[in-house]
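Subject: Structure for you, with notes

Hi,

Here is the structure I promised. Please open it first, then read the notes below.

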Amino acid sequence: MKQTDWYKDAIIYQIYPRSFCDGNGDGLGDIPGIISKLDYLKELGVNCFWLSPVYDSPQEDNGYDISNYRDIYKPFGTLNDFKKMLNEMHKRGIRLIMDLVVNHTSSEHPWFKDAISDKNSPYRDYYIIKKGRKNGKKPPNNWSGFFGEGAWQRIGDSEDYYLRLFAKGQPDLNWENPKVREEVKDILRYWLDMGVDGFRCDVITLISKDQRFKSDAPNIALRGKKYFVNGPRLHEYLHELYTDVYQNYDCMTVGETVLSTVEQAKLLVLPQRQELSMIFNFDHTDTDNYFGIKWFYRKFKLKRLKKVVRKWQHALHGCGWNSLFIENHDQRRCVGRFNTDDKKLRIESAKMLGTTYFLLQGTPFIYEGQELGMTNGDFSSIEDFMDVETHNIHALGERIKILKPILKKSLYSCSRDNARTPMQWDDSEYAGFSNVKPWLKVNENKSFINANEAMKDDNSIFHYYQKLIAFRKDNEVIKNGEYIDLLPNDNNVFAYERRLGDKSIVIISSFSNKNRRIRLIEKLNSYKLVLSNYNNDNDVLNPYETRVYINY
Ligand code: NOJ
């Protein structure tokens, strides 16, 4: 089968299975729970899902540590449940992309267990195992990983260490070994033959490491990144997967490309290079922190966001393809993040943020609960957090003696668990997510932020997203139009045009909690207002007002 570019018309909803819906009453979300909510998602209007990992796993990193790539984590269901879910999705005209986590496996994967139990194991070379310095007293080099720890883990009391850029239980695979690449291709074929429609490729820009394994200059975080991000054979490996697997299926791939510049991204997505369909860039998620480190957060500035959007919209127009997102399972919730934390204006600001990113060029992703305007969790102690990264950073902060209130504020506002609180279906004790105490604390505001309420209210964020989705579908201007920033220097209002031939769409969004007069609106007299979060067409924008105008 030939590849098509259906993904350009996709509107993708991300399901984080642990937190979505508990179908079997154990406090964890699962596949039967997902099946029970497919009609709700169909009604929202999405036409594709991205499912975070459901594979068998010890769950040190909530499934991003896989111990069996061909089976389902039992508390989530069985392979038969999975097939049923896939079938139910396809019956509703909704595609499914899986999470592909192949930079690393779990340390419970049989390959790894074998590799470390026997120096002559054929699986030893599936991983990156090196002798430590000083007779094994020091790791092979000074690299540090993504979760606030060193990147090497000593194997027992031997001289050897294995590389792990994430948690202890996530050993990195050695992609230099052709057998590893063949294994990955087999895994891909296994799921594609079952009918899945593509993959979200976890930290894919890390798969190729500079084989000199040199130490790096001191750095506050990610020491060694120049040797393990966008490594020397990255493009070769991706092209190999494409030619040996992807091109035989009508599937799509979206790469999680941490730390990629526009130039690097282009090399990954230019169609003639046959590597990935599209990528997630994270520049906009760094517009409210220092040094690209989320824990060092700083006040959001609209101008910084616009600059990043301009850069990516222009760079990929007519050559590659962007993905669009403002939330996922690793990011805190967008309401309350991008200068919009006034509770009274939560609904308006959620609609405004939705409109602002949704009508850019690229494929929009919606993260579960975003369509309800779910907010950060209300955690009251460090024990409330379940995330391995959060606990590692907490331990690191204590070790280097960061002042407690500063550490607390940073952890509570930036932890990934903020996005992982159970999905709020109704106002019952456990928010309709489960009938027993869930694995992570339910947010108290489930009493008024929940799907049940949203479905009943014509003015809800859910219904607004429905309209956004309907407006986007089959709209050539949104799909192919160029991007023009209409107010590049304004720090309160984001206004842009999408233009294709003589057709034009103008999007105006206020990021301010005050009224703002905008001259530009006077020039739009040949346009009509087709979507907004207030019923207002004069030249003064209300707090967090958003409007969409068309001229055709
Ligand atoms: C990125 C995933 O999104 C994140 O949740 C995970 O912890 C790391 N990759 C490691 O797999």
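Asn-62 sits in the loop between strand 3 (55-56) and strand 4 (68-72). Strands here are DSSP runs of E with at least two residues, helices are runs of H or I with at least four, and both are numbered from the N terminus. The phi of Asn-62 is near 50°, a positive value in a residue that is not glycine. Most residues other than glycine have a negative phi. Is Asn-62 buried or exposed? Asn-62 counts as buried because its relative accessible area is 8%. The classes are buried under 20%, exposed over 50%, and partly exposed in between (1.4 Å probe, protein chains only).

Before you go on, two notes on method. This is a predicted model, in which local features need pLDDT of at least 70 and side-chain atom pairs count only at pLDDT 80 or more, while totals for chains, interfaces and linings use all residues. Residues are numbered from 1 along each chain as its sequence is written, and side-chain values use heavy atoms, with hydrogens and water left out.

Look for Leu-259 in the loop between strand 10 (252-256) and helix 9 (262-269). Its relative accessible area is 45%, so Leu-259 is partly exposed.

Pro-271 lies in the loop between helix 9 and strand 11 (278-280). Pro-271 counts as exposed because its relative accessibility is 52%. The C-alpha atoms of Pro-271 and Arg-333 are 33 Å apart, and the two residues are 62 positions apart along the chain.

The ligand

How many residues surround the ligand? There are 13, and the closest are Asp-61, Asp-202, His-329, Asp-330 and Arg-416. By class, the shell has seven charged, four nonpolar and two polar residues. Asp, Glu, Lys and Arg count as charged; Ala, Val, Leu, Ile, Met, Phe, Trp, Tyr, Cys and Pro as nonpolar; the others, Gly among them, as polar.

- Asp-61: a polar side-chain atom at 2.5 Å.
- His-329: a side-chain N or O atom at 2.8 Å.
- Arg-416: a side-chain N or O atom at 2.9 Å.

On its own, the ligand has 300 Å² of accessible area, and the protein covers 97% of that. The areas come from the Shrake-Rupley method with a 1.4 Å probe.

Two strands pair if DSSP finds at least two bridges between them. Strand 20 and strand 22 (residues 546-550) run antiparallel, joined by four bridges. Leu-529 stands opposite Tyr-549 in strand 22.

Another open sheet has three strands in the order 6-8-7, again with antiparallel pairing. Its edge strands are strand 6 (129-131) and strand 7 (152-154), each pairing on one side only. Three bridges pair strand 7 with strand 8 (residues 160-163) in the antiparallel sense. Trp-152 stands opposite Leu-163 in strand 8.

Best wishes

Methods: Near = heavy atom within 4 Å. Polar contact = N/O pair within 3.5 Å; in protein donor to acceptor, adjacent residues only side chain to side chain.
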